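Open the model in your viewer and have the selection tool ready.

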Amino acid sequence: FQPGFLRTALGNEHRENGLFYRFLTAWPPHKARKRSEREISGTTVDAVADALKTLYGLDFAMDRFQQQTPKILALEPNAKQAFVAFFNEHGKEQQGLDDDLASAWSKLEEYAARLAMVLHYAAWAEDPNSVSDRLGLPAMEGGIRLVRWFGNETRRIHRMLASDEETQARESLVEWINRKDGEVTTRETLTGQRQ
């Protein structure tokens, strides 16, 4: 959605309560649009459709009451090692961040494993015989790489929103001073724009 809506719908209140950082946000820089005649091949469309059908066919595990329950996806040892290294590094990064970004970082750490699982099952859906029943290193590295990219996007969007709020606060202050015929005391300014 558009940046203006982002500021309104997920503004300061939702950054403070953590809702904003439950979303993976991205706002890639603008690039000049270029017309392309390239098309998606029928082979690719069929491959994606087959992969989705395979994914839809995944079954739940059954618990002791014969109720559906999620399957536990174990990690290969090298995937676990990569996740632990990422987790520790990510935790160190989080210590040096302001409250809003620290909140975002706490959510991002769990996304690495979730995105790794998505990548694991995407590879499995393409060729079920080529992927182990344990999540391997390639999927984990991919999940970590995606989280780092989303972390950079989160920093960029956070800076943009903070900058916009500072600009809005300055504009509001100037407007208030102008309403007071350009004359206010330091005390009035420090105690707030009450009139």
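Start by selecting L135: beyond residues up to four places away in sequence, L135 touches L73, A74, L75, E76, A79, A116, M117, H120 and M140, where contact means heavy atoms within 4.5 Å. Before moving on, note that this is a predicted model, where local features need pLDDT of at least 70 and side-chain atom pairs count only at pLDDT 80 or more, while totals for chains, interfaces and linings use all residues. Residues are numbered from 1 along each chain as its sequence is written, and side-chain values use heavy atoms, with hydrogens and water left out.

Next, the core. L135 and M140 are among the residues with the most contacts inside the largest nonpolar core, as are F86, W105, L108, A112 and V147. That core has 24 residues; a nonpolar core is a set of buried Ala, Val, Leu, Ile, Met, Phe, Trp, Tyr and Cys residues joined through side-chain atoms within 4.5 Å, with buried meaning under 20% relative accessible area, exposed over 50% and partly exposed in between (1.4 Å probe, protein chains only). Colour α4 (77-95), α5 and α6 (137-179), each supplying at least two core residues. Helices here are DSSP runs (H or I, at least four residues), numbered from the N terminus. Which helix gives the largest share? α5 does, with 9 residues.

Now show α3 (residues 42-56) beside α5 (residues 99-126): their axes are 8 Å apart. Select A51, T54 and L55 in α3, which meet Y121, W124 and A125 in α5. These contact residues divide into 5 nonpolar, 1 polar and no charged (Ala, Val, Leu, Ile, Met, Phe, Trp, Tyr, Cys and Pro count as nonpolar, Asp, Glu, Lys and Arg as charged, and the others, Gly among them, as polar).

Finish at D127, in the loop between α5 and α6. D127 counts as partly exposed because its relative accessibility is 35%.

Terms used: Axes fitted to C-alpha atoms, helices over the stretch in contact; angles between N-to-C directions.
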